[in-house]
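The following briefing is arranged by topic. Please consult the sequence and the structure alongside the text.

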Amino acid sequence: YGLKVVVVPRNRPNLRLDRGHHLHRDAASKWAAVADAVRTVREGEGMRPILVGTRSVGDSEAVAAALLAIGIDCHILNARQDAEEAEIIAVAGQLGSVTVATNMAGRGTDIELSKEAHAAGGLHVILTAFHETSRIDRQLEGRAGRQGDPGSTQAITAIDDELYTLFALQATKAIVASAKSWPIEGRTANMLRRWAQGAAERRHAAIRRQTELSEERLEKTMAFSGRV
């Protein structure tokens, strides 16, 4: 809308570490990789608390099933646990806690770390799919490293994720055709994300502009009634 934007500086330095983006060949490979990443952090990093973010209730249950298959219990935070939401969030920052949440669940609530979890390295956040706007991804990543706390993030996605197939289909086909091994990391994976999110945001901007124009036409049509 052509409005000016002011960036507000952080209250404390950001200690959050980004462990990159791993792009897998399909959903099954992605869920297995997510479960393996959870196990690696638990076993190799002092049972740090982990938050796994998903786009849908179905995805949250797929992650929970993959974790259960390797013997890891988790708390699921989605539209089906409204009554227990506060209780689940209250323990999400404890050592050994694994929480699987949809992007809407628990938003706006800090996950408070225990002293032991803080000393172990803080909350580790795993993104399992990118959203059509990067703002929502940043909100999920921002659950870790709050107010100067330590923390880390990583992204584990699949080439058949909805964002890619809807907004970067030709790019995904080209990547599949040229891929020599999986998962794909680095520049190629990040390029696909930027391309797909850019296309999605342009489409949404066009829709918003069309809505604005429709409202302007309606206002002109109704102008004969005068302003209140």
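The lining of the largest pocket comprises three nonpolar, nine polar and eight charged residues; in this classification Ala, Val, Leu, Ile, Met, Phe, Trp, Tyr, Cys and Pro are nonpolar, Asp, Glu, Lys and Arg are charged, and the others, Gly among them, are polar. The model is predicted, so that local features need pLDDT of at least 70 and side-chain atom pairs count only at pLDDT 80 or more, while totals for chains, interfaces and linings use all residues. Residues are numbered from 1 along each chain as its sequence is written, and side-chain values use heavy atoms, with hydrogens and water left out.

**Largest pocket**

- The largest pocket holds about 520 Å³ of space. On a 1 Å grid over the protein atoms alone, a pocket is an open set of points with protein on both sides within 12 Å along at least five of seven lines, and a cavity is a set where a 1.4 Å probe fits but cannot get out; lining residues have an atom within 4 Å of a point.
- Grid points are joined across faces, edges and corners, and a volume is the space filled by probe spheres set on the points.
- Of the 20 lining residues, Arg16, Asp18, Arg138, Glu141 and Arg193 are the closest to the centre of the largest pocket.
- At least two lining residues come from each of strand 1, helix 5 (134-141), strand 6 and helix 8 (187-221). Helices (H or I, at least four residues) and strands (E, at least two) are DSSP runs, numbered from the N terminus.
- Strand 1 gives the most to this lining, with five residues.

**Largest cavity**

- A search of the whole structure finds one cavity of 30 Å³ or more, and the volume of the largest cavity is about 30 Å³.
- The largest cavity is lined by Ile111, Leu113, Leu123, Arg143, Gly145, Arg146, Asp149 and Pro150.
- By class, this cavity lining divides into four nonpolar, one polar and three charged residues.

**Overall architecture**

- The protein has eight helices and seven strands, and its C-alpha trace spans about 70 × 45 × 35 Å along the principal axes.
- Buried residues account for 39% of the 228 residues; buried means under 20% relative accessible area, exposed over 50%, and partly exposed in between (1.4 Å probe, protein chains only).
- Of the contacts between residues at least 6 apart in sequence, 75% join residues at least 24 apart. Contact means heavy atoms within 4.5 Å.

- Seven strands form an open sheet in the order 3-4-2-5-6-1-7, with mixed pairing. Its edge strands, strand 3 (75-77) and strand 7 (184-185), each pair on one side only; two strands pair if DSSP finds at least two bridges between them.
- Strand 1 (residues 15-24) and strand 6 (residues 150-158) are parallel and share eight bridges. In this pairing histidine 22 stands opposite isoleucine 156, and histidine 24 stands opposite alanine 158.
- Strand 5 pairs with strand 6 in the parallel sense over five bridges, with isoleucine 126 partnered by glutamine 154.
- Strand 2 runs parallel to strand 5 and is joined to it by four bridges; glycine 53 has leucine 127 as its bridge partner.

**Burial within the strands**

- In a regular strand the side chains alternate between the two faces of the sheet.
- Five of the five residues of strand 5 are buried: Leu123, Val125 and Leu127 on one side, His124 and Ile126 on the other.
- Nine of the nine residues of strand 6 are likewise buried. Pro150, Ser152, Gln154, Ile156 and Ala158 point one way, and Gly151, Thr153, Ala155 and Thr157 point the other way.
- Threonine 99 lies in strand 4 and counts as buried because its relative accessibility is 3%. Leaving out residues up to four places away in sequence, threonine 99 touches Ile50, Leu51, Val52, His75, Leu77, Ile88 and Ala92.

**Helices across the sheet**

- Helix 1 (residues 27-44) lies across strand 1, strand 2 (50-54), strand 4 (98-102), strand 5 (123-127) and strand 6, and runs at about 160° to strand 6. Axes are lines fitted to C-alpha atoms, for helices over the stretch in contact, and angles run from 0 to 180 degrees between N-to-C directions.
- Helix 2 (residues 57-69) lies across strand 2, strand 3 and strand 4, and runs at about 160° to strand 4.
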